Amino acid sequence: MAEVRRPWYPPSLDAVAARARVSKATASRVLSPPRQGGTPAAAAEVARAVEQLGYHRGGGERPRLLVLATDITRTGYWLTLSGVLSACQDLDTDLSVQVLTGAASRWRDSVLGPQQSRIDGVVVLEFDSPSAQVLSRMPEDLPVAVAGGYPSADAGHLPRAWIDDRAGAVLAVEYLLSLGHERIAYLGVPSAGHPDPRLAGWRAIMTGAGRETPPPLGTGWGPETGMRAAQAAARSGVSAVLCGNDDLAIGLVTGLRAVGLEVPGDVSVVGMDDHPHAVATSPALTTVRLDFARVGEMATRLALGVQKVPGPQGIEVPVDLVVRASTAPPPADRSADGVPAAR
């Protein structure tokens, strides 16, 4: 029989059970004193799997998941991490989080170094360029799954749970057009290692509908960017703005009020994320729900091998438009150039 190549990371009890083609409970009973669990055939298969994999049962047989992220403070990041935590609790799995900073050698040591006694799976949060670079350097024999980003050739061999942000933007712009808005602006988030899919969705629908695509009002992550963009929105005379996240949208609403415009009386505002605060803003924010928690849950299950990859695109978590009070049909008292009439 050919020698079985052992992975660099110590194998888990799940791996033993899978190799022996028995349940995890059966493998555990077989390996637990006085080793009387399971049938003789099952015990023999478990013993063979233990020998092939080099499994050693110590005091910490719970699987261990490592999460790699460049940030855990922004909405998408911490919501995804909350989903990872939820899945780890359901799967009785220990969780470690490594925030990536500095040179690649630093995070590589955190994954491959001797201080990591056992890793059964790794989830990388791919929401920015640095995390995309991390994925391109991961060892091929490491059980890695990606949370976020987009399926691509660079990381096409890795299982992924992701959200189609472009589809979310399309949903939002189609809704605004259905309300009668003609001039719809976009306020975006920074690039995440690939062209902004939300910008692409906004532009595609506007162009397809024969509408002008005014220059984006800016890019950023936080409400301060939205507040600064309010003056540009007022000068441009747009009647609606799609924002790349809810923090931008909340800041924009505040900024529009500061320059004398009402939401949605003068300008409708749509966010993306469905931040927990979106329902409590004034007015409550219309937004595209991006289920980051679900992404984290699915990526965890993929990394630990308890969820099969359905296809080359991985698991796509659907988007949903949540209509609240920050959107309405455009005001009737606009001049031909789109500027609100004096009150």
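This is a predicted model: local features need pLDDT of at least 70, side-chain atom pairs count only at pLDDT 80 or more; totals for chains, interfaces and linings use all residues.

User: Which side chain forms a polar contact with that of Asp274?

Analyst: The partner is Arg289; the polar contact between the two side chains spans 2.8 Å.

User: And where is Asp274 found?

Analyst: Asp274 belongs to the loop that links strand E8 (268-273) with strand E9 (286-290).

User: Is Asp274 buried or exposed?

Analyst: Asp274 is buried, because its relative accessibility is 16% and the cut-off for buried is under 20%.

User: Now the sheet. What is the strand order in the open sheet of 6 strands?

Analyst: The order is E2-E1-E3-E4-E5-E10, with parallel pairing. Strand E2 (94-99) and strand E10 (315-317) are the edge strands, each pairing on one side only. On average, neighbouring strands in this sheet are turned by 20 degrees against each other, direction ignored.

User: How many bridges join E1 to E2?

Analyst: There are 6 bridges between strand E1 (residues 64-69) and E2, and the two run parallel. Within this pair, Leu66 of E1 stands opposite Ser96 in E2.

User: Which strands does helix H11 lie across?

Analyst: Helix H11 (residues 292-303) lies across E1, strand E3 (121-125), strand E4 (144-147), strand E5 (160-163) and E10. Relative to E5, helix H11 runs at about 165 degrees.

Conventions:
Residues are numbered from 1 along each chain as its sequence is written. Side-chain values use heavy atoms; hydrogens and water are left out. Helices (H or I, at least four residues) and strands (E, at least two) are DSSP runs, numbered from the N terminus. Buried means under 20% relative accessible area, exposed over 50%, partly exposed in between (1.4 Å probe, protein chains only). A polar contact is a pair of N or O atoms within 3.5 Å; within protein, one must be able to donate a hydrogen and the other to accept it, and residues adjacent in sequence count only if both atoms are side-chain atoms. Two strands pair if DSSP finds at least two bridges between them. Axes are lines fitted to C-alpha atoms, for helices over the stretch in contact, and angles run from 0 to 180 degrees between N-to-C directions. Contact means heavy atoms within 4.5 Å.
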